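Please look through the model below with its charged side chains in mind.

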Amino acid sequence: MGEEVDQQEFSRADRTRHREKVRRNLDVFARMLREAAFETDDPMTGLEMELNLIDDAGDPALKNAEVLEAIADPDFQTELGQFNIEINVAPAKLREGGLSKFEDSLRRSLNDAEEKGSKVGAHQVMIGILPTLAEGHMNVSSLSSNPRYKLLSEQILAARGEDITISISGKERLTTTSDSIVPEAACTSTQFHVQTSPDQFAAHWNAAQAIAGVQLAVSANSPYLLGKELWRETRIPLFEQATDTRSEELKAQGVRPRVWFGERWITSVFDLFEENVRYFPALLPVTDDEDPLEVLESGGTPALHELKLHNGTIYRWNRPVYDISQGMPHLRVENRLLAAGPTIADTIANAALWFGLVRYLVESERPLWSQMSFSAAEENFHVAAQMGVDAQVYWPGLGQVRATELVLRRLLPMARAGLDSWGVPSEESDRYLGIIEQRCQTEASGAGWFVDRVRERGGVDRYDALRATLLDYTERMHSNEPVHTWD
(Lines give C-alpha, C1' and ligand atoms only; values in the text may rest on other atoms or scores of the structure.)
Protein backbone atom coordinates (compact mmCIF):
# COMPACT_ATOMS: atom_id res chain seq x y z
CA MET A 1 0.00 0.00 0.00
CA GLY A 2 3.01 2.28 0.19
CA GLU A 3 2.29 3.77 3.62
CA GLU A 4 1.75 2.56 7.17
CA VAL A 5 -1.63 3.49 8.64
CA ASP A 6 -3.17 2.94 12.05
CA GLN A 7 -6.43 1.16 12.74
CA GLN A 8 -9.21 3.74 12.77
CA GLU A 9 -12.66 4.67 11.59
CA PHE A 10 -13.32 7.37 9.00
CA SER A 11 -16.09 9.95 9.16
CA ARG A 12 -17.80 11.70 6.25
CA ALA A 13 -15.77 14.80 7.13
CA ASP A 14 -12.56 12.77 6.92
CA ARG A 15 -13.44 11.70 3.41
CA THR A 16 -14.34 15.22 2.28
CA ARG A 17 -11.12 16.66 3.73
CA HIS A 18 -9.07 13.87 2.16
CA ARG A 19 -10.60 14.36 -1.29
CA GLU A 20 -9.74 18.06 -1.16
CA LYS A 21 -6.18 17.27 -0.06
CA VAL A 22 -5.65 14.66 -2.79
CA ARG A 23 -6.78 17.17 -5.40
CA ARG A 24 -4.39 19.76 -3.95
CA ASN A 25 -1.61 17.16 -4.15
CA LEU A 26 -2.51 16.54 -7.79
CA ASP A 27 -2.34 20.26 -8.62
CA VAL A 28 1.08 20.53 -6.96
CA PHE A 29 2.27 17.40 -8.76
CA ALA A 30 1.25 18.94 -12.10
CA ARG A 31 3.25 22.06 -11.25
CA MET A 32 6.25 19.94 -10.23
CA LEU A 33 6.16 18.14 -13.58
CA ARG A 34 6.39 21.55 -15.28
CA GLU A 35 8.92 23.21 -13.00
CA ALA A 36 10.74 20.87 -10.61
CA ALA A 37 14.02 19.08 -11.20
CA PHE A 38 13.45 15.33 -10.98
CA GLU A 39 16.32 12.92 -10.39
CA THR A 40 16.94 11.41 -13.82
CA ASP A 41 20.72 11.02 -14.24
CA ASP A 42 21.97 7.43 -14.43
CA PRO A 43 18.61 5.83 -13.55
CA MET A 44 18.43 3.08 -10.97
CA THR A 45 16.55 -0.20 -11.23
CA GLY A 46 15.03 -2.14 -8.35
CA LEU A 47 13.44 -5.43 -7.39
CA GLU A 48 11.09 -6.67 -4.68
CA MET A 49 9.95 -10.24 -4.17
CA GLU A 50 7.06 -11.69 -2.18
CA LEU A 51 7.51 -15.21 -0.81
CA ASN A 52 5.25 -17.88 0.60
CA LEU A 53 5.90 -19.86 3.78
CA ILE A 54 5.34 -23.59 4.16
CA ASP A 55 5.90 -26.13 6.92
CA ASP A 56 7.83 -29.38 6.64
CA ALA A 57 4.80 -31.13 5.11
CA GLY A 58 4.30 -28.49 2.40
CA ASP A 59 1.23 -26.88 4.00
CA PRO A 60 1.01 -23.10 4.57
CA ALA A 61 2.94 -21.91 7.62
CA LEU A 62 1.12 -18.97 9.21
CA LYS A 63 4.25 -17.76 10.92
CA ASN A 64 5.48 -14.61 9.22
CA ALA A 65 5.86 -12.70 12.52
CA GLU A 66 8.03 -15.49 13.97
CA VAL A 67 10.02 -15.80 10.75
CA LEU A 68 10.70 -12.06 10.54
CA GLU A 69 11.79 -12.02 14.18
CA ALA A 70 14.16 -14.90 13.49
CA ILE A 71 15.56 -13.29 10.32
CA ALA A 72 15.98 -9.87 11.99
CA ASP A 73 16.82 -8.15 8.69
CA PRO A 74 15.13 -4.84 7.74
CA ASP A 75 15.16 -5.90 4.06
CA PHE A 76 12.47 -8.46 4.95
CA GLN A 77 9.00 -7.15 5.72
CA THR A 78 5.54 -8.38 6.57
CA GLU A 79 2.99 -9.00 3.84
CA LEU A 80 -0.79 -9.28 3.76
CA GLY A 81 -1.08 -12.93 4.80
CA GLN A 82 0.60 -14.68 7.71
CA PHE A 83 1.96 -17.14 5.13
CA ASN A 84 3.76 -14.32 3.20
CA ILE A 85 6.89 -12.24 3.61
CA GLU A 86 8.57 -9.76 1.27
CA ILE A 87 12.20 -8.93 0.54
CA ASN A 88 13.36 -5.60 -0.84
CA VAL A 89 16.62 -5.76 -2.78
CA ALA A 90 18.97 -2.76 -2.86
CA PRO A 91 18.58 -0.72 -6.08
CA ALA A 92 21.31 -1.18 -8.69
CA LYS A 93 22.60 0.26 -11.93
CA LEU A 94 22.40 -2.26 -14.76
CA ARG A 95 25.63 -0.99 -16.38
CA GLU A 96 27.46 -1.87 -13.15
CA GLY A 97 26.47 -5.53 -13.21
CA GLY A 98 23.10 -4.87 -11.61
CA LEU A 99 21.47 -8.09 -12.80
CA SER A 100 24.19 -10.26 -11.25
CA LYS A 101 24.07 -8.13 -8.11
CA PHE A 102 20.34 -8.77 -7.85
CA GLU A 103 20.88 -12.51 -8.19
CA ASP A 104 23.79 -12.69 -5.76
CA SER A 105 22.05 -10.50 -3.20
CA LEU A 106 18.85 -12.52 -3.38
CA ARG A 107 20.67 -15.83 -3.04
CA ARG A 108 22.63 -14.67 0.02
CA SER A 109 19.62 -13.11 1.71
CA LEU A 110 17.21 -15.96 1.01
CA ASN A 111 19.69 -18.67 2.03
CA ASP A 112 20.29 -16.87 5.31
CA ALA A 113 16.55 -16.34 5.81
CA GLU A 114 15.80 -19.99 5.02
CA GLU A 115 18.33 -21.17 7.61
CA LYS A 116 16.86 -18.91 10.29
CA GLY A 117 13.22 -19.43 9.33
CA SER A 118 13.53 -23.21 9.34
CA LYS A 119 14.33 -23.04 13.05
CA VAL A 120 10.76 -21.84 13.69
CA GLY A 121 9.26 -24.42 11.33
CA ALA A 122 8.81 -22.30 8.19
CA HIS A 123 10.42 -22.54 4.76
CA GLN A 124 10.32 -20.03 1.92
CA VAL A 125 9.01 -20.91 -1.51
CA MET A 126 8.95 -18.75 -4.65
CA ILE A 127 5.65 -19.41 -6.42
CA GLY A 128 2.77 -17.13 -7.35
CA ILE A 129 0.02 -18.92 -5.41
CA LEU A 130 0.76 -21.47 -2.73
CA PRO A 131 -0.80 -24.65 -4.19
CA THR A 132 -1.57 -26.14 -0.78
CA LEU A 133 -3.77 -23.26 0.40
CA ALA A 134 -7.18 -24.60 1.40
CA GLU A 135 -10.55 -23.06 2.22
CA GLY A 136 -9.62 -23.10 5.91
CA HIS A 137 -6.87 -20.58 5.27
CA MET A 138 -9.23 -18.12 3.55
CA ASN A 139 -10.48 -16.25 6.62
CA VAL A 140 -9.59 -13.04 8.39
CA SER A 141 -7.52 -14.85 11.02
CA SER A 142 -4.91 -15.49 8.33
CA LEU A 143 -4.24 -11.76 7.88
CA SER A 144 -1.00 -10.41 9.28
CA SER A 145 -1.30 -8.54 12.55
CA ASN A 146 -0.37 -5.14 11.07
CA PRO A 147 -3.52 -3.01 11.51
CA ARG A 148 -3.32 -1.62 7.97
CA TYR A 149 -4.31 -5.01 6.54
CA LYS A 150 -7.42 -5.42 8.65
CA LEU A 151 -8.34 -1.81 7.93
CA LEU A 152 -7.89 -2.28 4.20
CA SER A 153 -9.98 -5.44 4.29
CA GLU A 154 -12.78 -3.68 6.14
CA GLN A 155 -12.75 -0.73 3.76
CA ILE A 156 -12.87 -2.90 0.62
CA LEU A 157 -15.72 -5.00 2.01
CA ALA A 158 -17.56 -1.86 3.14
CA ALA A 159 -17.18 -0.27 -0.30
CA ARG A 160 -18.40 -3.46 -1.95
CA GLY A 161 -21.31 -3.97 0.45
CA GLU A 162 -21.22 -7.77 0.16
CA ASP A 163 -18.85 -10.72 0.34
CA ILE A 164 -16.17 -11.11 -2.31
CA THR A 165 -16.95 -13.73 -4.97
CA ILE A 166 -14.13 -15.63 -6.64
CA SER A 167 -15.14 -17.37 -9.87
CA ILE A 168 -12.44 -18.68 -12.22
CA SER A 169 -12.83 -21.13 -15.09
CA GLY A 170 -9.75 -22.84 -16.45
CA LYS A 171 -8.95 -26.50 -16.86
CA GLU A 172 -11.22 -26.87 -13.83
CA ARG A 173 -13.67 -24.42 -12.25
CA LEU A 174 -13.55 -22.68 -8.88
CA THR A 175 -16.35 -20.70 -7.27
CA THR A 176 -16.06 -19.50 -3.69
CA THR A 177 -16.75 -16.46 -1.50
CA SER A 178 -14.80 -14.62 1.16
CA ASP A 179 -15.68 -12.13 3.88
CA SER A 180 -12.18 -10.62 3.83
CA ILE A 181 -9.39 -9.84 1.37
CA VAL A 182 -7.39 -12.91 2.40
CA PRO A 183 -7.67 -14.26 -1.19
CA GLU A 184 -5.52 -11.26 -2.19
CA ALA A 185 -2.83 -12.59 0.17
CA ALA A 186 -2.69 -15.74 -1.95
CA CYS A 187 -1.25 -13.60 -4.78
CA THR A 188 2.48 -13.10 -4.36
CA SER A 189 4.55 -11.33 -6.99
CA THR A 190 7.89 -9.96 -8.06
CA GLN A 191 8.10 -6.25 -8.76
CA PHE A 192 10.63 -4.72 -11.15
CA HIS A 193 11.28 -0.97 -10.88
CA VAL A 194 12.81 1.34 -13.45
CA GLN A 195 13.47 5.01 -12.78
CA THR A 196 12.66 7.47 -15.56
CA SER A 197 12.35 11.17 -16.28
CA PRO A 198 8.92 12.84 -16.46
CA ASP A 199 9.41 13.32 -20.22
CA GLN A 200 10.07 9.61 -20.80
CA PHE A 201 7.65 8.16 -18.28
CA ALA A 202 4.79 7.71 -20.75
CA ALA A 203 7.01 5.80 -23.18
CA HIS A 204 8.23 3.50 -20.40
CA TRP A 205 4.70 2.81 -19.14
CA ASN A 206 3.29 2.27 -22.64
CA ALA A 207 6.14 -0.10 -23.48
CA ALA A 208 5.55 -2.07 -20.28
CA GLN A 209 1.85 -2.37 -21.08
CA ALA A 210 2.53 -3.45 -24.67
CA ILE A 211 4.74 -6.39 -23.63
CA ALA A 212 2.73 -7.48 -20.58
CA GLY A 213 1.14 -10.43 -22.37
CA VAL A 214 4.46 -11.78 -23.61
CA GLN A 215 5.93 -11.41 -20.13
CA LEU A 216 3.17 -13.53 -18.63
CA ALA A 217 3.20 -16.16 -21.35
CA VAL A 218 6.84 -17.12 -20.86
CA SER A 219 6.91 -16.74 -17.06
CA ALA A 220 3.61 -18.18 -15.75
CA ASN A 221 3.93 -19.80 -12.32
CA SER A 222 0.54 -19.96 -10.56
CA PRO A 223 -1.53 -22.88 -11.88
CA TYR A 224 -3.47 -23.95 -8.76
CA LEU A 225 -5.84 -22.29 -6.31
CA LEU A 226 -7.71 -24.09 -3.54
CA GLY A 227 -6.90 -27.46 -5.08
CA LYS A 228 -8.15 -26.57 -8.59
CA GLU A 229 -6.10 -26.38 -11.79
CA LEU A 230 -7.13 -23.06 -13.28
CA TRP A 231 -5.12 -20.56 -15.36
CA ARG A 232 -1.38 -20.84 -15.91
CA GLU A 233 -1.11 -17.51 -14.07
CA THR A 234 -4.15 -17.71 -11.81
CA ARG A 235 -2.89 -14.72 -9.82
CA ILE A 236 -4.25 -12.43 -12.51
CA PRO A 237 -7.99 -13.23 -12.25
CA LEU A 238 -7.69 -13.92 -8.51
CA PHE A 239 -6.17 -10.52 -7.75
CA GLU A 240 -8.64 -8.78 -10.04
CA GLN A 241 -11.54 -10.34 -8.13
CA ALA A 242 -10.13 -10.37 -4.59
CA THR A 243 -9.87 -6.57 -4.35
CA ASP A 244 -12.90 -5.64 -6.44
CA THR A 245 -14.93 -3.01 -4.60
CA ARG A 246 -17.72 -3.06 -7.20
CA SER A 247 -21.08 -4.71 -6.83
CA GLU A 248 -22.53 -6.47 -9.88
CA GLU A 249 -24.62 -3.38 -10.57
CA LEU A 250 -21.57 -1.08 -10.58
CA LYS A 251 -19.77 -3.47 -12.92
CA ALA A 252 -22.73 -3.30 -15.27
CA GLN A 253 -22.53 0.50 -15.20
CA GLY A 254 -18.91 0.39 -16.36
CA VAL A 255 -17.30 1.53 -13.09
CA ARG A 256 -13.55 0.90 -13.29
CA PRO A 257 -12.03 -1.90 -11.18
CA ARG A 258 -9.27 -1.11 -8.67
CA VAL A 259 -7.12 -3.90 -10.13
CA TRP A 260 -6.74 -2.41 -13.54
CA PHE A 261 -4.86 -2.95 -16.75
CA GLY A 262 -5.94 0.52 -17.82
CA GLU A 263 -7.89 1.65 -20.86
CA ARG A 264 -5.59 3.80 -23.03
CA TRP A 265 -2.04 4.67 -23.95
CA ILE A 266 -0.86 7.71 -22.01
CA THR A 267 1.04 10.88 -22.88
CA SER A 268 2.21 11.77 -19.34
CA VAL A 269 2.57 10.25 -15.89
CA PHE A 270 0.00 12.87 -14.87
CA ASP A 271 -2.63 10.92 -16.83
CA LEU A 272 -2.39 7.98 -14.43
CA PHE A 273 -2.49 9.98 -11.20
CA GLU A 274 -5.33 12.10 -12.57
CA GLU A 275 -7.29 8.92 -13.41
CA ASN A 276 -6.69 7.70 -9.87
CA VAL A 277 -8.25 10.84 -8.43
CA ARG A 278 -11.07 11.09 -10.98
CA TYR A 279 -12.26 7.47 -10.96
CA PHE A 280 -11.53 6.00 -7.54
CA PRO A 281 -12.82 7.00 -4.09
CA ALA A 282 -10.30 6.74 -1.27
CA LEU A 283 -10.17 3.47 0.62
CA LEU A 284 -7.93 4.92 3.32
CA PRO A 285 -8.71 8.64 3.65
CA VAL A 286 -5.81 9.44 6.00
CA THR A 287 -4.89 13.12 5.77
CA ASP A 288 -1.42 14.49 6.57
CA ASP A 289 -0.60 17.98 7.91
CA GLU A 290 1.78 18.85 5.07
CA ASP A 291 0.85 21.81 2.86
CA PRO A 292 2.40 20.64 -0.41
CA LEU A 293 2.24 24.05 -2.10
CA GLU A 294 3.93 25.75 0.85
CA VAL A 295 6.69 23.11 0.85
CA LEU A 296 7.24 23.50 -2.90
CA GLU A 297 7.31 27.31 -2.83
CA SER A 298 9.79 27.27 0.05
CA GLY A 299 12.20 25.22 -2.06
CA GLY A 300 11.40 21.81 -0.58
CA THR A 301 10.10 18.60 -2.08
CA PRO A 302 6.49 17.78 -1.13
CA ALA A 303 5.90 14.22 0.09
CA LEU A 304 2.38 14.21 -1.45
CA HIS A 305 1.32 11.72 1.22
CA GLU A 306 -2.32 11.47 0.21
CA LEU A 307 -1.62 11.08 -3.50
CA LYS A 308 0.92 8.30 -2.78
CA LEU A 309 -1.34 6.45 -0.35
CA HIS A 310 -4.26 6.62 -2.78
CA ASN A 311 -2.03 5.35 -5.60
CA GLY A 312 -1.07 2.42 -3.36
CA THR A 313 -4.69 1.27 -3.18
CA ILE A 314 -5.19 1.22 -6.97
CA TYR A 315 -3.57 -1.92 -8.26
CA ARG A 316 -2.36 -1.24 -11.78
CA TRP A 317 -0.29 -4.07 -13.24
CA ASN A 318 2.23 -1.39 -14.24
CA ARG A 319 2.00 1.21 -11.51
CA PRO A 320 3.36 4.77 -11.50
CA VAL A 321 5.50 5.60 -8.46
CA TYR A 322 6.39 9.04 -7.11
CA ASP A 323 9.05 9.01 -4.43
CA ILE A 324 11.80 11.08 -2.83
CA SER A 325 15.44 10.09 -2.41
CA GLN A 326 17.92 12.34 -0.63
CA GLY A 327 15.56 15.27 -1.01
CA MET A 328 15.08 14.83 -4.77
CA PRO A 329 11.81 13.65 -6.34
CA HIS A 330 11.87 10.82 -8.85
CA LEU A 331 9.47 8.70 -10.89
CA ARG A 332 9.44 4.94 -11.45
CA VAL A 333 7.44 2.39 -13.36
CA GLU A 334 6.69 -0.58 -11.10
CA ASN A 335 6.04 -3.78 -13.06
CA ARG A 336 3.86 -5.99 -10.83
CA LEU A 337 2.45 -8.73 -13.01
CA LEU A 338 4.84 -11.68 -12.60
CA ALA A 339 5.07 -14.35 -9.95
CA ALA A 340 8.43 -15.07 -8.34
CA GLY A 341 10.43 -18.14 -9.25
CA PRO A 342 10.67 -20.95 -9.96
CA THR A 343 14.31 -20.04 -9.15
CA ILE A 344 16.20 -16.85 -8.55
CA ALA A 345 17.95 -17.39 -11.89
CA ASP A 346 14.56 -17.58 -13.63
CA THR A 347 13.40 -14.44 -11.83
CA ILE A 348 16.44 -12.41 -12.89
CA ALA A 349 16.08 -13.75 -16.44
CA ASN A 350 12.51 -12.39 -16.40
CA ALA A 351 13.92 -9.07 -15.19
CA ALA A 352 16.52 -9.00 -17.96
CA LEU A 353 13.85 -9.58 -20.61
CA TRP A 354 11.69 -6.79 -19.18
CA PHE A 355 14.43 -4.20 -18.67
CA GLY A 356 15.86 -4.93 -22.11
CA LEU A 357 12.58 -4.87 -24.02
CA VAL A 358 11.32 -1.72 -22.33
CA ARG A 359 14.58 0.12 -23.03
CA TYR A 360 14.57 -0.96 -26.69
CA LEU A 361 10.94 0.03 -27.25
CA VAL A 362 11.39 3.41 -25.53
CA GLU A 363 14.28 4.19 -27.89
CA SER A 364 12.56 2.92 -31.06
CA GLU A 365 11.86 5.50 -33.75
CA ARG A 366 8.28 4.30 -34.23
CA PRO A 367 6.65 3.45 -30.91
CA LEU A 368 5.15 -0.03 -30.72
CA TRP A 369 2.03 1.40 -29.06
CA SER A 370 1.37 3.49 -32.15
CA GLN A 371 1.01 0.24 -34.11
CA MET A 372 -1.43 -1.69 -31.90
CA SER A 373 -4.61 -0.85 -30.05
CA PHE A 374 -4.63 -0.74 -26.26
CA SER A 375 -7.40 -3.35 -26.27
CA ALA A 376 -5.09 -5.72 -28.18
CA ALA A 377 -2.46 -5.34 -25.46
CA GLU A 378 -5.07 -6.08 -22.80
CA GLU A 379 -6.36 -9.10 -24.70
CA ASN A 380 -2.78 -10.41 -24.98
CA PHE A 381 -2.42 -10.00 -21.23
CA HIS A 382 -5.44 -12.09 -20.28
CA VAL A 383 -4.90 -14.76 -22.96
CA ALA A 384 -1.30 -15.19 -21.79
CA ALA A 385 -2.39 -15.44 -18.15
CA GLN A 386 -4.80 -18.20 -19.07
CA MET A 387 -2.67 -20.16 -21.53
CA GLY A 388 0.96 -19.52 -20.57
CA VAL A 389 3.47 -20.82 -23.14
CA ASP A 390 0.58 -22.04 -25.31
CA ALA A 391 -0.78 -18.50 -25.74
CA GLN A 392 -1.29 -16.93 -29.15
CA VAL A 393 -0.79 -13.17 -28.94
CA TYR A 394 -1.22 -10.30 -31.37
CA TRP A 395 1.90 -8.50 -32.60
CA PRO A 396 2.05 -5.69 -35.18
CA GLY A 397 3.23 -6.95 -38.56
CA LEU A 398 2.72 -10.60 -37.60
CA GLY A 399 -0.88 -10.82 -36.49
CA GLN A 400 -1.61 -13.74 -34.17
CA VAL A 401 1.57 -15.60 -33.25
CA ARG A 402 2.59 -18.09 -30.58
CA ALA A 403 4.20 -16.12 -27.75
CA THR A 404 7.25 -18.37 -27.52
CA GLU A 405 7.88 -18.01 -31.28
CA LEU A 406 7.51 -14.24 -31.01
CA VAL A 407 10.13 -14.11 -28.27
CA LEU A 408 12.54 -16.34 -30.17
CA ARG A 409 12.13 -14.63 -33.55
CA ARG A 410 11.66 -10.97 -32.65
CA LEU A 411 11.91 -10.05 -29.00
CA LEU A 412 15.15 -11.61 -27.77
CA PRO A 413 17.24 -9.54 -30.24
CA MET A 414 15.32 -6.45 -29.14
CA ALA A 415 15.93 -7.26 -25.47
CA ARG A 416 19.64 -7.79 -26.11
CA ALA A 417 19.87 -4.44 -27.90
CA GLY A 418 18.05 -2.83 -24.98
CA LEU A 419 20.42 -4.36 -22.44
CA ASP A 420 23.32 -3.13 -24.58
CA SER A 421 21.85 0.38 -24.32
CA TRP A 422 21.76 -0.02 -20.55
CA GLY A 423 25.44 -0.99 -20.66
CA VAL A 424 24.79 -4.50 -19.34
CA PRO A 425 27.90 -6.69 -19.63
CA SER A 426 27.59 -9.18 -22.49
CA GLU A 427 28.15 -12.18 -20.21
CA GLU A 428 25.08 -11.14 -18.18
CA SER A 429 22.94 -10.71 -21.30
CA ASP A 430 24.11 -14.11 -22.55
CA ARG A 431 23.28 -15.84 -19.27
CA TYR A 432 19.88 -14.37 -18.54
CA LEU A 433 18.48 -14.05 -22.06
CA GLY A 434 19.85 -17.55 -22.71
CA ILE A 435 17.56 -18.80 -19.95
CA ILE A 436 14.57 -17.16 -21.65
CA GLU A 437 15.63 -18.61 -25.01
CA GLN A 438 15.88 -22.14 -23.63
CA ARG A 439 12.59 -21.77 -21.79
CA CYS A 440 10.87 -20.79 -25.05
CA GLN A 441 12.55 -23.51 -27.10
CA THR A 442 11.52 -26.22 -24.63
CA GLU A 443 8.17 -24.50 -23.87
CA ALA A 444 8.95 -24.89 -20.18
CA SER A 445 7.48 -22.89 -17.29
CA GLY A 446 6.98 -23.23 -13.58
CA ALA A 447 3.25 -23.64 -14.13
CA GLY A 448 3.70 -26.33 -16.77
CA TRP A 449 6.21 -28.28 -14.70
CA PHE A 450 3.95 -28.20 -11.65
CA VAL A 451 0.83 -29.30 -13.51
CA ASP A 452 2.65 -32.18 -15.23
CA ARG A 453 3.98 -33.52 -11.91
CA VAL A 454 0.60 -33.29 -10.20
CA ARG A 455 -1.03 -35.14 -13.11
CA GLU A 456 1.60 -37.87 -12.82
CA ARG A 457 0.37 -38.33 -9.25
CA GLY A 458 -3.22 -38.60 -10.47
CA GLY A 459 -3.97 -41.72 -8.48
CA VAL A 460 -3.65 -39.97 -5.11
CA ASP A 461 -5.69 -37.34 -3.30
CA ARG A 462 -5.28 -33.93 -5.00
CA TYR A 463 -3.92 -32.18 -1.90
CA ASP A 464 -1.49 -35.03 -1.23
CA ALA A 465 -0.29 -34.65 -4.83
CA LEU A 466 0.04 -30.89 -4.39
CA ARG A 467 2.04 -31.27 -1.16
CA ALA A 468 4.41 -33.82 -2.66
CA THR A 469 4.91 -31.77 -5.82
CA LEU A 470 5.46 -28.57 -3.84
CA LEU A 471 8.22 -30.24 -1.82
CA ASP A 472 9.84 -31.46 -5.06
CA TYR A 473 9.51 -27.96 -6.48
CA THR A 474 11.11 -26.41 -3.40
CA GLU A 475 14.08 -28.78 -3.58
CA ARG A 476 14.70 -27.81 -7.22
CA MET A 477 14.15 -24.14 -6.40
CA HIS A 478 17.12 -24.26 -4.01
CA SER A 479 19.37 -25.67 -6.74
CA ASN A 480 18.97 -22.40 -8.72
CA GLU A 481 19.01 -24.45 -11.91
CA PRO A 482 16.49 -22.80 -14.28
CA VAL A 483 13.13 -24.50 -14.73
CA HIS A 484 13.82 -25.56 -18.32
CA THR A 485 16.49 -27.94 -16.95
CA TRP A 486 14.18 -29.62 -14.43
CA ASP A 487 13.24 -33.25 -15.03
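R264 is partly exposed, with a relative accessible area of 32%; the term covers values between the limits for buried, under 20%, and exposed, over 50%, with a 1.4 Å probe and protein chains only. This is a predicted model, in which local features need pLDDT of at least 70 and side-chain atom pairs count only at pLDDT 80 or more, while totals for chains, interfaces and linings use all residues. Residues are numbered from 1 along each chain as its sequence is written, and side-chain values use heavy atoms, with hydrogens and water left out.

What does R264 pair with? R264 forms a salt bridge with E275, and their closest N and O atoms are 2.8 Å apart. A salt bridge here is a side-chain nitrogen of Lys or Arg within 4 Å of a carboxyl oxygen of Asp or Glu. R264 lies in the loop between β10 (259-260) and α10 (269-279) and E275 lies in helix α10, so the pair ties together parts that are 11 residues apart in sequence. Helices (H or I, at least four residues) and strands (E, at least two) are DSSP runs, numbered from the N terminus.

A search of the whole structure finds 34 salt bridges. One of them joins the side chains of R467 and D59, at 2.8 Å from N to O. Because R467 sits in helix α18 (residues 462-479) and D59 in the loop between β1 (45-54) and α2 (64-71), this pair ties together parts that are 408 residues apart in sequence. R467 is partly exposed at 23% relative accessibility, and D59 is partly exposed at 21%.

The side chains of D323 and K308 also meet in a salt bridge, at 3.5 Å from N to O. D323 belongs to strand β12 (residues 318-325) and K308 to helix α12 (residues 305-311), so the parts tied together are 15 residues apart in sequence. D323 has a relative accessibility of 24% and is partly exposed; K308 is partly exposed too, at 23%. Elsewhere, salt bridges link D42, K93, R95 and E96 in a network.

Next come the strands. Strand β3 (residues 84-92) is mostly covered, with seven of its nine residues buried. β1 and β3 run antiparallel and are joined by seven bridges; two strands count as paired if DSSP finds at least two bridges between them. Within this pairing, E48 has N88 in β3 as its bridge partner. Strand β2 (residues 76-78) also pairs with β3 in the antiparallel sense, over three bridges. T78 stands opposite I85 in β3, and a hairpin of five residues joins β2 to β3.

Of its 15 lining residues, A159, T245, R258, P281 and L283 are the closest to its centre. A pocket is an open set of points on a 1 Å grid over the protein atoms alone, where a 1.4 Å probe fits, with protein on both sides within 12 Å along at least five of seven lines; lining residues have an atom within 4 Å of a point. Helix α4 (residues 147-160) gives the largest share of this lining, three residues. By type, the lining of the second largest pocket divides into nine nonpolar, two polar and four charged residues.

How values were computed. Ala, Val, Leu, Ile, Met, Phe, Trp, Tyr, Cys and Pro count as nonpolar, Asp, Glu, Lys and Arg as charged, and the others, Gly among them, as polar.
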